[in-house]
Amino acid sequence: MSIYHDEVEIEDFEYDEEEEMYYYPCPCGDRFQISKEELMEGEEVATCPSCSLIIKIIYDPEMFKAEEDESAALNEKLSDLKLEKN
């Protein structure tokens, strides 16, 4: 069983679109981080790369699941277009 430093809602995280990472300030001065991919896989723990603290993320996994389904459908359509072109 993990002991969380805190529980934080995903809306309180800063999102970096380029890196597809969510960040939240850590008391040590660094930032907790979790990737969009990890959230899509159902992960709910963000870690700090500089210390041993972890936080639990409060979010709706369905929000990320819907995005994953949408992305998969888009990739499938792109593959179909490439096959048609060849």
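Strand β2 (residues 14-16) and strand β3 (residues 21-25) run antiparallel and pair over three bridges, where pairing requires at least two DSSP bridges between two strands. Helices (H or I, at least four residues) and strands (E, at least two) are DSSP runs numbered from the N terminus. The model is predicted: local features need pLDDT of at least 70, side-chain atom pairs count only at pLDDT 80 or more, and totals for chains, interfaces and linings use all residues. Residues are numbered from 1 along each chain as its sequence is written, and side-chain values use heavy atoms, with hydrogens and water left out.

**Overall make-up**

- The protein has two helices and six strands, in the sequence order β-β-β-β-α-β-β-α.
- Of its 86 residues, 23% count as buried; buried means under 20% relative accessible area, exposed over 50%, and partly exposed in between (1.4 Å probe, protein chains only).
- The accessible surface comes to about 6400 Å², and carbon and sulfur atoms hold 46% of that surface; areas come from the Shrake-Rupley method with a 1.4 Å probe, and for residues only the protein chains shown count as cover.
- Among contacts (heavy atoms within 4.5 Å) between residues at least 6 apart in sequence, 35% join residues at least 24 apart.

**Hairpins**

- Four residues lie between the strands of the β2 and β3 hairpin, where Glu 20 has a positive phi near 55 degrees.
- β3 also pairs with β4 in the antiparallel sense, over five bridges, and Pro 25 has Arg 31 of β4 as its bridge partner.
- The hairpin of β3 and β4 has five residues between its strands, and Gly 29 there takes a positive phi near 110 degrees.
- Ser 35 belongs to strand β4 and counts as buried because its relative accessibility is 13%.

**Nonpolar core**

- A nonpolar core is a set of buried Ala, Val, Leu, Ile, Met, Phe, Trp, Tyr and Cys residues joined through side-chain atoms within 4.5 Å.
- The largest such core has 14 residues, and those with the most contacts inside it are Ile 10, Phe 13, Tyr 22, Leu 39, Ala 46 and Ile 57.
- The elements giving two or more residues to this core are β4 (31-35) and β6 (54-58).
- Ile 10 sits in the loop between β1 (6-9) and β2 and is buried, at 7% relative accessible area.
- Beyond its neighbours within four places in sequence, Ile 10 is in contact with Tyr 22, Leu 39, Ile 57, Ile 58 and Tyr 59.
- Ile 10 and Asp 60 are 50 residues apart in sequence, with a C-alpha to C-alpha distance of 8.8 Å.
- Tyr 22, in strand β3, is buried at 12% relative accessibility.
- Setting aside neighbours within four places in sequence, the contacts of Tyr 22 include Ile 10, Phe 13, Phe 32, Leu 39 and Phe 64.
- The C-alpha atoms of Tyr 22 and Ile 34 are 5.4 Å apart, with the two residues twelve places apart along the chain.
- With neighbours within four places in sequence left aside, the contacts of Ala 46 include Phe 13, Phe 32, Leu 53 and Ile 57.

**Salt bridge**

- The count comes to one salt bridge, defined as a side-chain nitrogen of Lys or Arg within 4 Å of a carboxyl oxygen of Asp or Glu.
- Lys 56 forms a salt bridge with Glu 44, and the closest N and O atoms are 3.9 Å apart.
- This pair links distant parts of the chain, twelve residues apart: Lys 56 is in strand β6, and Glu 44 is in the loop between α1 (36-40) and β5 (45-47).
- Lys 56 is partly exposed at 22% relative accessible area, as is Glu 44 at 32%.

**Cysteines**

- The count of disulfides is zero, with a disulfide taken as a pair of cysteine sulfur atoms within 2.5 Å.
- The cysteine sulfur closest to that of Cys 26 is in Cys 51, and because the distance is 3.6 Å the two are too far apart for a bond.
- Cys 28 is likewise in no disulfide, and the nearest cysteine sulfur, that of Cys 48, is 3.6 Å away.
- Cys 26 is buried at 7% relative accessible area, whereas Cys 28 is partly exposed at 42%.
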